[in-house]
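Please look through the sequence and the 3D structure shown below before reading on.

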Amino acid sequence: MAEKRDYYEVLGVSKTAGEDEIKKAYRQMALKYHPDRNPGDKSAEEKFKEAAEAYDVLSNPEKRQRYDQFGFAGTSSSAGGGFSGGGFSMDDIFSQFGDIFGGHFGGGSARGGFGGFGDFFGGFGGSDDDERGGRVERGSDIRIRIKLSLAEVLHGVEKKIKINKLVACPDCGGKGAASEADIKTCPDCRGRGVVTKVVRTILGQMQTSTTCPRCNGTGKIVSKPCKKCGGSGLVKAPEEISFKVPAGVAQGMQLTVRGKGNAAPHGGANGDLLVVIEEEQDPNFQRDGNDLLYSLFVSVPDAITGCEAEIPTIDGKLRIKVAPGTQSGTVLRLRGKGVPDVNGYGAGDMMVAVNVWIPKNLTSEEKKFIEKLKSSSSFDPKPSSDDKSFFDRLRGKFK
């Protein structure tokens, strides 16, 4: 299976794009890859579905916020419905998003009728490059790793880090030019950022547009570069960044801090800071999803007669009851004492596995006492059906 592409990349919009820009970008993608315009083209159909999945997330403020913070992990089925899990049908797409096309997906052919698109989009001859007036550059992302203790995972934490990154040149304000007068409109593309060529083919003349090589799509050229940054508009400088890590994050999860990556040349949009989570091993607990696993050791007499045991939690000590006759391997479940769900859907449990401690070294008197107990029928193994289900509990991860 091919690796999923970033939703913003799929629609060709920046990560600060507004609702109208996202909708417009989706319309253009749907028009380009619509099945009626590309009959039998499986690649176009996949791109059509890919664009719909991206629009489904980015057009919904709640889904977009989860995606911005957690990436694809925030769009799983457990994080909310919709198309985010992928695999939805073409009929689903037309049913869900047909309204934004003014009904043109709804009639005509079995999949919406391509004929109506010409009226809605004003024909196929135009190019969006005429409206853009040059490509907006974007800074590169910065990826870092942070280690979190179990307490920080359970409660969330605010982190402060200091990193060296590309920032706008203080002398030229990121423009790359010695002065405003040294910034000129690119003569090759006349400020559009694209150049158009007419190509002759066996089908006749075709018009193609490509990024202007002279200005790299910005529509501007610098006649006299800034001395401090050499015309790039960028310099390296340290910056302290604060961000919040929500409760419930997990090993390998990636958080996105928007706009805190490297600055872009010529005043473009900043990249993002990508924070990869690493969990420190806790001395008391093991994590299994949102559950916490703890091993409690009790003596043979305590297992036989029952007792109260003190166990640690992240927030302090907790006393639990061990019932008389508790067998080694018994698992006690403490509801809601595990890791909170990162999407806010409750919390996991703490699973306490009771282990009966068998001493390895006994005095001669202790051995004599144990020998006497052998003759008692109470100490003969008489496992019940519950005791025999030990392996079932292991297969179910103590559940």
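Is Arg145 buried or exposed? Arg145 is exposed, with a relative accessible area of 58%, where buried means under 20% relative accessible area, exposed over 50%, and partly exposed in between (1.4 Å probe, protein chains only). This is a predicted model, in which local features need pLDDT of at least 70 and side-chain atom pairs count only at pLDDT 80 or more, while totals for chains, interfaces and linings use all residues. Residues are numbered from 1 along each chain as its sequence is written, and side-chain values use heavy atoms, with hydrogens and water left out.

**The chain as a whole**

- The protein chain contains 11 helices and 15 strands, where helices (H or I, at least four residues) and strands (E, at least two) are DSSP runs numbered from the N terminus.
- Of the 399 residues of the protein chain, 38% count as buried.
- Among the contacts in the protein chain with a separation of 6 or more, 66% come from residues 24 or more positions apart, a contact meaning heavy atoms within 4.5 Å.

**An open sheet**

- Four strands form an open sheet in the order E10-E11-E15-E14, with mixed pairing; two strands pair if DSSP finds at least two bridges between them.
- Strand E10 (286–288) and strand E14 (331–334) stand at the edges with a single partner strand each, so one side of each is left without a neighbour in the sheet.
- On average, neighbouring strands of this sheet are turned by 30° against each other, direction ignored, with axes taken as lines fitted to C-alpha atoms.
- E10 pairs with strand E11 (residues 291–299) in the antiparallel sense over 3 bridges, and Leu293 in E11 is the bridge partner of Gln286.

**Salt bridges**

- The structure holds 21 salt bridges, each being a side-chain nitrogen of Lys or Arg within 4 Å of a carboxyl oxygen of Asp or Glu.
- Side chains of opposite charge can pair when their charged atoms come close.
- Arg258 and Asp68 form a salt bridge whose closest N and O atoms are 2.5 Å apart. Arg258 lies in the loop between strand E8 (254–257) and strand E9 (273–279), and Asp68 lies in helix H4 (residues 61–70), so the pair ties together parts that are 190 residues apart in sequence.
- Arg258 counts as partly exposed at 26% relative accessibility, whereas Asp68 counts as buried at 14%.
- A network of salt bridges links Lys15, Asp68, Arg138, Asp141, Arg258 and Asp272.
- Arg145 and Glu278 meet through their side chains in a salt bridge (3.4 Å, N to O). Because Arg145 lies in strand E1 (residues 142–148) and Glu278 in strand E9, the pair ties together parts that are 133 residues apart in sequence.
- In the salt bridge between Glu239 and Lys165, the closest N and O atoms are 3.2 Å apart. Glu239 lies in strand E7 (residues 234–245) and Lys165 in strand E2 (residues 157–168), so this pair ties together parts that are 74 residues apart in sequence.
- Glu239 counts as partly exposed at 22% relative accessibility, whereas Lys165 counts as buried at 3%.

**A positive phi**

- Most residues other than glycine have a negative phi.
- Arg190 has a positive phi of about 55° although it is not a glycine. Arg190 is placed in the loop between strand E3 (183–185) and strand E4 (194–201), and at 64% relative accessibility Arg190 counts as exposed.

Notes
Axes fitted to C-alpha atoms, helices over the stretch in contact; angles between N-to-C directions.
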